[in-house]
There are 2 protein chains.
Amino acid sequence: MISLEQAQERIKKEIDNIRLPSEPGGLYDPVKYTLGLGGKRIRPALVLLSANLFSENIDDAIGPAIGIEIFHNFTLLHDDLMDNSEIRRGQKTVHLKWNPNTAILSGDVMSILANEFICKTASSNLKEILQAFNRTAIEVCEGQMYDMDFESRTDVTISEYLEMIRLKTSVLIAASLEIGALSANATKNQGKDLYEYGLNLGMAFQLQDDLLDSYGDTKSFGKKVGNDILTNKKTYLMISALNESSPADKKRLIEILEEKNFIPEKKIKDVKLIFDKYSVKELIQNKIDAYFQIALKKLNSISIEENRKSTLQNFSQQLMDRNF
Amino acid sequence: MISLEQAQERIKKEIDNIRLPSEPGGLYDPVKYTLGLGGKRIRPALVLLSANLFSENIDDAIGPAIGIEIFHNFTLLHDDLMDNSEIRRGQKTVHLKWNPNTAILSGDVMSILANEFICKTASSNLKEILQAFNRTAIEVCEGQMYDMDFESRTDVTISEYLEMIRLKTSVLIAASLEIGALSANATKNQGKDLYEYGLNLGMAFQLQDDLLDSYGDTKSFGKKVGNDILTNKKTYLMISALNESSPADKKRLIEILEEKNFIPEKKIKDVKLIFDKYSVKELIQNKIDAYFQIALKKLNSISIEENRKSTLQNFSQQLMDRNF
């Protein structure tokens, strides 16, 4: 059995060893730059850990793991361009370091490279792996489209929001686990169970991200606290506050959202006063706990030796504690 | 044996029958719009004709054929955005009808849909088909990057230009034929021979496109003649003229290219005077003929019954005569 750290180490080594052509540099330099930015590489690590549930030999999971990481980085690259984000992992985004056309085309080639790596497996489940991957990749695009749609809407419901984060974030975590299992020749049902585990874990993870964005400690969260509030993001917290508040407080909240000239610190404070009045922090915490419990239950229900599950169990807990 | 028209008819029917989700509309409406614009659908027709060389049952070639057509349309969608083109097949381009972000994301999902369709085959050559497809898709991106790079360069050589059109245009025509053969369980070598046939046919086709852009008849060519000259494209004609001309004529040609205020008709006339002085029309015609002869020779060398080859032989001729 490998540990999370060993899985991440293996992924790092494999990504560092990818040899891309030098020409055309305008196409491949941004790909190398993007893959070199690192990150926690949770998804490919999950592919390996999931494969390792069923087999000591995880070689057939390496290609799909790298493919999923390349795909994830491709979506970040294009999302950053569409959202006009300036910084990714502490470095300039590709469309600013180069230009928008370079970001489009380098992203396109990463999407294809992802497919090429997914195919690098001798598993007899190649077709099932590809089906899971393609279905998931399409859903991630759907999630990004909903996310962009929601920016200009003020009537997003909780269920619409949950569906959006399911598509944009959870399905890829879920598919990482399913594909890892399939690459180690697990049964389709075992793959589905791991998918469900990952889906619920992914929901808990994304909601916790929302919670930490407003209530986290800047130091341990690693991002500036309050960014979602400043950019009027319709997160679970904001939608709940709009739903739960009195007509007067709702009116006040919308006024704060619509105010063009604001002092950042004051806006964050004013919004959080309303959040606190309606206990939306507790609402989201309950939701996170519920998803997390379903995730653990799903993992426990999978019929493999208990001791093989400990790495994923620990990982789940670490993910929620954000200390890995 | 099916005819080219029957192949195109079958492709049209299959594309019309694709059922995409209705939501999110911002993602799928542009995909439906793009696929609905039609076009000659040469590439998927070639997949079917190639499969038909080896098997009367071409069902296992349908998925890959549609996948290749969706991929081709995806590249046009993103190319139009990158080139800021306004019209595609007589209609507004996606980034203008919607917006750039919609064009990026709809293109992304088309690229994944292409992969999904490629996988819809029961052929035992699925892995080989995917390898051929992914390798080709990457090359098409490389071709587009070189094409964009060349815009700002004045020192593009003939061999660089030929390599660019090989990547941007020829390899996908070649892979269509290879993948059709593989989907009908042809041998790898038969696939490679058909690839070489398509590669040379694709080179002849693209060079003829360059020739017609400057010397074609507007009516039968279907596009405005002289567009490449007006946009200073470094085509085979232009590069040859720069190579072959006297120092004085070369200086004159560069002056014409650099002139910001020009009368379109006069610019076309002046450039073509230099083209004619150095017989670049004949140079390109010789090059087209050479590629076309190699293509036919490759097709003839493939060890299958002669009568099965007639559809592709006729198609090759029709492609050069531009009357299909």
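How many helices and strands make up the secondary structure of chain A? Color chain A by secondary structure and count along: 16 helices and 2 strands, where helices (H or I, at least four residues) and strands (E, at least two) are DSSP runs numbered from the N terminus.

Before going on, note that this is a predicted model, in which local features need pLDDT of at least 70, side-chain atom pairs count only at pLDDT 80 or more, and totals for chains, interfaces and linings use all residues. Residues are numbered from 1 along each chain as its sequence is written, while chains are lettered from A and ligands numbered from 1 in the order in which they are written.

**Stop one: all of chain A.** Its C-alpha atoms fill a box of roughly 60 × 50 × 30 Å along the principal axes. The radius of gyration is 20 Å, which agrees with the value near 20 Å for a compact globule of 324 residues (taken over C-alpha atoms; the rule is 2.2 Å times the number of residues to the power 0.38).

**Stop two: Ile15(A).** Select Ile15(A) in helix α1 (residues 4–16) of chain A. Ile15(A) has 18 other C-beta atoms within 10 Å, so it is partly exposed. Leaving aside neighbours within four places in sequence, show its contacts: Leu35(A), Ile66(A) and Glu69(A) (contact means C-beta atoms, placed from the backbone, within 7 Å). Then draw a distance to Lys272(A), 257 residues along the chain: the C-alpha atoms are 41 Å apart.

**Stop three: both chains.** The same surface serves both, with 100% of chain B's contact residues recurring in chain A.

**Stop four: a helix pair in chain B.** Pick α15 (residues 280–301) and α16 (residues 310–321) of chain B, whose axes come within 11 Å and cross at roughly 170°. α15(B) and α16(B) are therefore roughly antiparallel (over 145 degrees). Show side chains for Phe292(B), Ala295(B), Leu296(B) and Leu299(B) on α15(B), plus Leu312(B), Gln313(B), Ser316(B) and Met320(B) on α16(B), which make the contact.

Terms used: Axes are lines fitted to C-alpha atoms, for helices over the stretch in contact, and angles run from 0 to 180 degrees between N-to-C directions. Angles under 35 degrees count as roughly parallel, over 145 as roughly antiparallel, 65 to 115 as roughly perpendicular and the rest as oblique. Two residues are in contact if their C-beta atoms, placed from the backbone, lie within 7 Å. A residue is buried if 20 or more other C-beta atoms lie within 10 Å of its own, exposed if 12 or fewer, and partly exposed in between; C-beta atoms are placed from the backbone.
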